[in-house]
Amino acid sequence: GDNANTLKSLVASWLNEALPHPDPLFSTVDKSGRGFYHDITGRLLCPVDYNWLDVSIWSAIREYHPKFPVTADTYPTYLYPSGQYDARNPSKGLFKGELLIRAFHCIFTSPSSAELGTDDNETAGPHKKARKTTSNKTHCDVAGLLKMRSVDPHSIAYVACQLRFSLSSSTLWNVKDEDFDYILFYQNIIDYFECPSLRRKAEEVEDLLLWWNQRIFGRRNASSYQPQQVGNLSVALARA
């Protein structure tokens, strides 16, 4: 759909802007050079349980070795900031990957606002004035049209799936990409947010959603995505 086509082009541009520049550069139209065929996208797609820097491992992945399948039972590296995964603390940084934030902006605010996706300034929200671009087109603010006031697990999972497809070499969307099952991937993300096993994990999820909302909607709009519990405050108590 439109989201896949837009991301296909923008993801290539984002990766090409990185320093050092990819060699070869990514085509914004042809995806055949992406996926595990390119070192950059291969590293981003690589399951965090495997070490992409190990030549024998990335070679095994490319050759579909049964000891190194790429499935939805392991998180891809792009979900973590700078691809940094801590095996001792697997949830550290999870769903804070830079490309994931930019892709979310691209889909739900506008492609131009994705330029702000990795900005350290988290206070402005989606309507912060973006840097000038060469395009005069006015892009649709999907979040505004949907009256979207908060980031929820389903929107994060949706963007994670769209981003993976954009990084892959697949030209046609399919719920199964070789051994990788997008439906299971989507559900695993939802379960992480909605089915925490411990109170500590539930608090981590709450903090993560707050972080996401501050990144997307800004700190000043907190009451929109984290309504105040007013039942025990002075106005309600005075009426009791």
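Author: Let's start with arginine 200, which is partly exposed at a relative accessible area of 48%. A quick word on terms: buried means under 20% relative accessible area, exposed means over 50%, and partly exposed is in between (1.4 Å probe, protein chains only). This is a predicted model, where local features need pLDDT of at least 70 and side-chain atom pairs count only at pLDDT 80 or more, while totals for chains, interfaces and linings use all residues. Residues are numbered from 1 along each chain as its sequence is written, and side-chain values use heavy atoms, leaving out hydrogens and water.

Arginine 200 meets glutamate 204 in a salt bridge, N to O at 3.2 Å; the term stands for a side-chain nitrogen of Lys or Arg within 4 Å of a carboxyl oxygen of Asp or Glu. These two are 4 residues apart in helix H8 (residues 199-217), so about one helical turn separates them. Helices here are DSSP runs (H or I, at least four residues), numbered from the N terminus. Glutamate 204 is partly exposed too, at 26%.

Glutamate 204 also pairs with lysine 201, with their closest N and O atoms 3.0 Å apart. Those two sit 3 residues apart in helix H8, again about one helical turn, and lysine 201 is buried at 18%. Shared partners join Arg200, Lys201 and Glu204 into one network.

Elsewhere, arginine 88 forms a salt bridge with aspartate 86, closest N and O atoms 3.5 Å apart. Arginine 88 is exposed at 78%, whereas aspartate 86 is partly exposed at 21%. The whole structure has 5 salt bridges.
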